[in-house]
Amino acid sequence: MSNLALRVLTGIVALPLTFALVFWREPLGFGALVLVIAALALTEYTGITLAKAPVRVRAGVVVIGVGLVAGLYLRPELAMIWLLTAVVAVSALVLFSPGEISGAGARLGFAGFGVLYLGILPVPLALIHRDATDGSVWVAATIVVTFANDTGAYFAGRFLGKHKLYPAISPGKTVEGAVGGLVGGLLVLLALRFAFFARSLSIADCIWVAVPGAVVGPIGDLVESMIKRAAGVKDSGKLLPGHGGMLDRIDALLFVGAWVYVYAVHIR
């Protein structure tokens, strides 16, 4: 089976389940889903960046990161306490399991970045779902824009791509693909708005979600690609056939979710 066919088949199975959980009225249920996703992504991240570190270090990074997700979701007003605790905890974790001293700084950097990267960025989607008016709609819009952008960029790049976007990090990405992703994300979100969410999302909302999302989403994708390229791996894992690992699937979503949280909860 081709990679494209595997991607489509996985999407057919995963998307209905995802949206069922998004529109489930119990907010803690979606919060629990975000927690599980963060744990899976952190496990993949540590397997890439800390492959030679002791198992207790990798496991500790996962535990600290998941704890940060839970703390920020349950008591976001205590964010400074959770962040300070996480930084001290991960520093102590690496300090008391330093391994070869010449590489201790790099391990501390990877561990600390992982805790912040995947201990903070999954939280905005859960907070949108819980705190924003029509939170489920905003989460659905975020997911739709991210995946439509990815799909539009894939096909535009495949058939029209001539100018490389950032070949040192991701040789397959093109400027034409990025433009196609922006157009695809905006059109799909507008169609969704007119079909289902006219009372929740304005046309301006769709523009404010899709256009910045088409900028920050690829940044998230490229950041993960940079991490993988530095480690010499193609995919973060094999959990999702045709898509790679969990981190491969949510890399752009994390950054788009952060923007939509700022817009939907604090700007709109």
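**Close-up views of helix packing and aromatic rings**

**View 1. Packing of helices H9 and H10.** In this predicted model, helix H9 (residues 203-231) packs against helix H10 (residues 246-267) at an angle of about 140°, with the axes 7 Å apart. The two helices are therefore oblique to each other (under 35 degrees is roughly parallel, over 145 roughly antiparallel, 65 to 115 roughly perpendicular and the rest oblique). Helices here are DSSP runs of H or I with at least four residues, numbered from the N terminus. Axes are lines fitted to C-alpha atoms over the stretch in contact, and angles run from 0 to 180 degrees between N-to-C directions. Residues are numbered from 1 along each chain as its sequence is written. Local features need pLDDT of at least 70, side-chain atom pairs count only at pLDDT 80 or more, totals for chains, interfaces and linings use all residues, and side-chain values use heavy atoms, without hydrogens and water.

**View 2. The pair Tyr45 and Phe113.** A search of the whole structure finds 10 aromatic pairs (Phe, Tyr or Trp rings, the six-membered one for Trp, with centres within 6.5 Å; planes under 30 degrees apart are stacked, over 60 edge-to-face and the rest tilted). The ring centres of Tyr45 and Phe113 lie 6.4 Å apart with planes at 50°, so this pair is tilted. Tyr45 belongs to helix H2 (residues 27-49) and Phe113 to helix H5 (residues 104-120), so the pair ties together parts 68 residues apart in sequence.

**View 3. The pair Trp208 and Tyr263.** The ring centres of Trp208 and Tyr263 are 6.1 Å apart and their planes are at 15°, so this pair is stacked.
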